[in-house]
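Here is a short report for a first look at this structure. Keep the sequence and the model at hand while reading.

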Amino acid sequence: MKNKKRTKRNTSKRKSSNFSFKKLLLFVIVIACVAGCIKIGLAYKEEQQVLQNQKEQKEQLAKDIEEKEKNQPVIGQKKKYKDMYGVDSQKVWNALNTYDYDNGGKKEIFLTFDDGPSLTNTPNVLKILNDNNVKGTFFVIGKSLKIDGAPTILKQIYNEGMAIANHSYSHDYAYLYPGRVLDMKNFTADFDKNEALIKKSLGMENFSTRVIRCPGGQISWKKTEPLNEYLIKRNMASIDWNALNGDAEGPKKNAEQLYQEAIKSGQGKNLIVLLMHDTYGKEETVKALDKIIKHYKQLGYQFKTLV
């Protein structure tokens with residue numbers, strides 16, 4: 001009987017011992033799991049902190065680059081597009097003045113748009129240029145630029161990689177060329193006023209352009225030699241044209257007529273500066289533009305900007 005009781009007590013002790021061991025093992029497992037979770041949590045938190053620090057460093061770097069770019073001079077066009085498409089305007093000026101359009105055998109065309117920006121036609125011109133992956137040069141005037149909404153269009157011109165050039169503030173022949181003779185005082189004051197308006201409209205005091213176009217074309221006026229000296233001294237250029245679509249000459253033309261004129265006037269020239277207009281009332285120019293671009297692309301021309 002005593003042996004049975006002793007055996008029962010021993011069995012009970014063993015069960016109690018086994019239960020205690022299991023509790024201890026479970027406790028150790030729980031502690032290990034908690035410790036593991038804490039460790040994983042801390043590692044995750046540390047990783048997130050590293051990622052946050054990297055993000056903040058990138059954002060700060062971007063701000064520093066943006067701030068640096070704000071202080072860097074911008075001449076005529078965003079730098080990355082200027083590097084890809086820009087051609088020295090003085091070189092083109094010289095070619096136009098000497099009627100030398102061979103261009104070393106290279107086929108290059110400059111699409112130029114005068115008298116904008118307009119709220120109606122300029123956005124459509126930009127869309128067609130972008131759809132065809134080409135750039136153009138926009139000769140803007142103050143009369144158009146001071147219209148409500150025009151500065152927004154000018155910013156779009158700039159942001160989409162086009163070149164911006166100065167075409168005067170007033171576009172007033174009588175003021176700029178009284179008696180058909182260049183008045184340098186009036187001329188420089190008018191162009192300086194427009195340059196200031198371009199800067200203000202873009203919100204970029206660091207912007208300037210080397211390129212001007214005389215209203216009516218420099219070739220149309222008398223005694224413009226002082227302008228040449230003025231521009232050369234300032235490393236600038238006066239750009240007329242050697243081809244045009246005729247949207248400002250003679251009777252009003254439809255899109256097909258404008259297209260034909262743009263093709264005919266560019267024949268036999270490797271270097272083409274094509275005059276068009278993006279101001280109000282030039283909807284037919286917009287309609288003809290895509291076809292003009294595709295024609296010159298098919299002929300192997302590269303589309304460049306004046307800077």
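## Basis

This is a predicted model: local features need pLDDT of at least 70, side-chain atom pairs count only at pLDDT 80 or more, and totals for chains, interfaces and linings use all residues. Residues are numbered from 1 along each chain as its sequence is written, and side-chain values use heavy atoms, with hydrogens and water left out.

## Salt bridges

A salt bridge here is a side-chain nitrogen of Lys or Arg within 4 Å of a carboxyl oxygen of Asp or Glu. By this rule there are eight salt bridges. Helices and strands are DSSP runs, numbered from the N terminus: helices are H or I with at least four residues, strands are E with at least two.

One of the bridges joins the side chains of D83 and K79, at 2.8 Å from N to O. Both residues lie in helix 2 (residues 79-85), four residues apart, about one turn of the helix. Both D83 and K79 are exposed. Exposed means over 50% relative accessible area, buried under 20%, and partly exposed in between (1.4 Å probe, protein chains only). Another bridge links K127 and D131, again given as 2.8 Å, N to O. These two sit four residues apart in helix 4 (residues 122-131), so about one helical turn separates K127 and D131. D131 has a relative accessible area of 55%, so D131 is exposed.

K287 counts as exposed because its relative accessible area is 56%. Beyond its neighbours within four places in sequence, E284 is in contact (heavy atoms within 4.5 Å) with K253, N254, A255 and L258.

G281 is in the loop between strand 10 (271-277) and helix 11. Its relative accessibility is 36%, so G281 is partly exposed. Leaving out residues up to four places away in sequence, G281 touches N121 and K252. G281 and D247 are 34 residues apart in sequence, and their C-alpha atoms are 9.8 Å apart in space.

## Nonpolar cores

In soluble globular proteins, nonpolar side chains tend to be buried together. A nonpolar core is a set of buried Ala, Val, Leu, Ile, Met, Phe, Trp, Tyr and Cys residues joined through side-chain atoms within 4.5 Å. The largest one has 41 residues, and L111, L129, F138, I164 and L274 touch the most other members. Elements giving two or more residues to this core include strand 3 (108-116), helix 4, strand 4 (137-140) and helix 8 (184-202). Helix 11 gives the largest share, six residues.

Which residues surround L111, leaving aside its neighbours within four places in sequence? L111 is in contact with L129, V134, K135, G136, T137, L274, M276, I293, F303 and K304. A second, separate core has 26 residues, among them L176, F191, I212 and M236.

## A surface patch

V30, V34, I38 and L42 make a nonpolar surface patch of about 350 Å². Patches are made of residues with over 30% relative accessible area and no salt bridge; like charges are joined within 9 Å, nonpolar side chains (Val, Leu, Ile, Met, Phe, Trp, Tyr) within 5 Å. Accessible areas come from the Shrake-Rupley method with a 1.4 Å probe; for residues, only the protein chains shown count as cover. V34 lies in helix 1 (residues 2-71). V34 counts as partly exposed because its relative accessibility is 42%.
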